Amino acid sequence: FSSPHRGLGLGAAIQLKRLGSGSSFRVGLSCGAAIETHMSIFGKLNEQYAELWRAVIRPPRDKYEVEDLGPIIFSIEGRTFQRTDLSLENERGQRLECSHFEPLPWERASEKLPCVIYLHGNSSSRLEAISALPVLLPLSITVFCLDCA
């Protein structure tokens with residue numbers, strides 16, 4: 001006993017086969033070319049979604065040279081500041097590249113100064129902190145920035 005059942009759309013068919021003389025049946029599904037094409041499109045969409053997801057969750061890192069951070073000693077509003085570059089190691093053993101922007105010792109308003117720790121946005125780098133320097137440094141607020149790992 002075999003009974004094809006149509007009506008699933010896209011060229012699909014279900015077929016029931018009775019096994020022997022009992023009440024057991026085998027169910028079969030046949031897919032036409034339209035289903036295969038449809039699944040191929042879904043496969044491509046799935047790949048594109050995965051690429052988009054990776055670009056948002058784990059985007060490519062911003063690439064730059066240390067020279068792009070500007071000179072080590074520089075002036076803003078007639079005052080002189082310095083940049084100190086350093087590396088820190090996180091708990092996973094990854095090296096974090098950092099910069100600390102502060103006044104030169106004879107330009108400091110006091111020995112201890114407040115510090116803004118600037119964390120860059122997704123797919124960016126410590127270069128992003130450069131835009132905050134003209135605002136914060138003249139107020140005697142130092143800036144520490146790092147490349148997040």
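The model is predicted, so local features need pLDDT of at least 70 and side-chain atom pairs count only at pLDDT 80 or more, while totals for chains, interfaces and linings use all residues. Residues are numbered from 1 along each chain as its sequence is written, and side-chain values use heavy atoms, with hydrogens and water left out.

**Aromatic pairs**

Rings of Phe, Tyr and Trp (its six-membered ring) pair if their centres lie within 6.5 Å; planes under 30 degrees apart are stacked, those over 60 are edge-to-face, and the rest are tilted. By this rule there are two aromatic pairs. One of them joins Phe74 and Phe101, edge-to-face, with 6.1 Å from centre to centre and 70° between the planes. Because Phe74 lies in strand β4 (residues 73-76) and Phe101 in strand β6 (residues 95-103), this pair ties together parts that are 27 residues apart in sequence. Helices (H or I, at least four residues) and strands (E, at least two) are DSSP runs, numbered from the N terminus. Phe74 is buried at 15% relative accessible area, and Phe101 is buried at 1%. Here buried means under 20% relative accessible area, exposed means over 50%, and partly exposed is in between (1.4 Å probe, protein chains only). Ring pairs link Phe74, Phe81 and Phe101 into a cluster.

Ala129 is in contact (heavy atoms within 4.5 Å) with Tyr118, Val143 and Cys145, leaving aside its neighbours within four places in sequence.

**Cysteines**

The structure holds zero disulfides, a disulfide being a pair of cysteine sulfur atoms within 2.5 Å. For Cys98, the closest cysteine sulfur is that of Cys145, at 7.9 Å, which is too far for a bond. Cys98 is buried, with a relative accessible area of 0%. Cys148 is in no disulfide either, as the nearest cysteine sulfur, in Cys98, is 9.2 Å away. Cys148 is partly exposed, at 28% relative accessibility.

**Salt bridges**

A salt bridge is a side-chain nitrogen of Lys or Arg within 4 Å of a carboxyl oxygen of Asp or Glu. The whole structure has six of them, and the table gives some.

| Partners | N to O distance |
|---|---|
| Arg83 and Asp85 | 2.9 Å |
| Asp85 and Arg126 | 3.7 Å |
| Glu102 and Arg108 | 2.8 Å |

In the bridge between Glu102 and Arg108, Glu102 is buried at 14% relative accessible area, whereas Arg108 is partly exposed at 25%. Salt bridges that share partners join Arg83, Asp85, Arg126 and Asp147 into one network. Asp85 lies in strand β5 (residues 79-89) and Arg126 in the loop between β7 (115-119) and α2 (133-136), so their pair ties together parts that are 41 residues apart in sequence.
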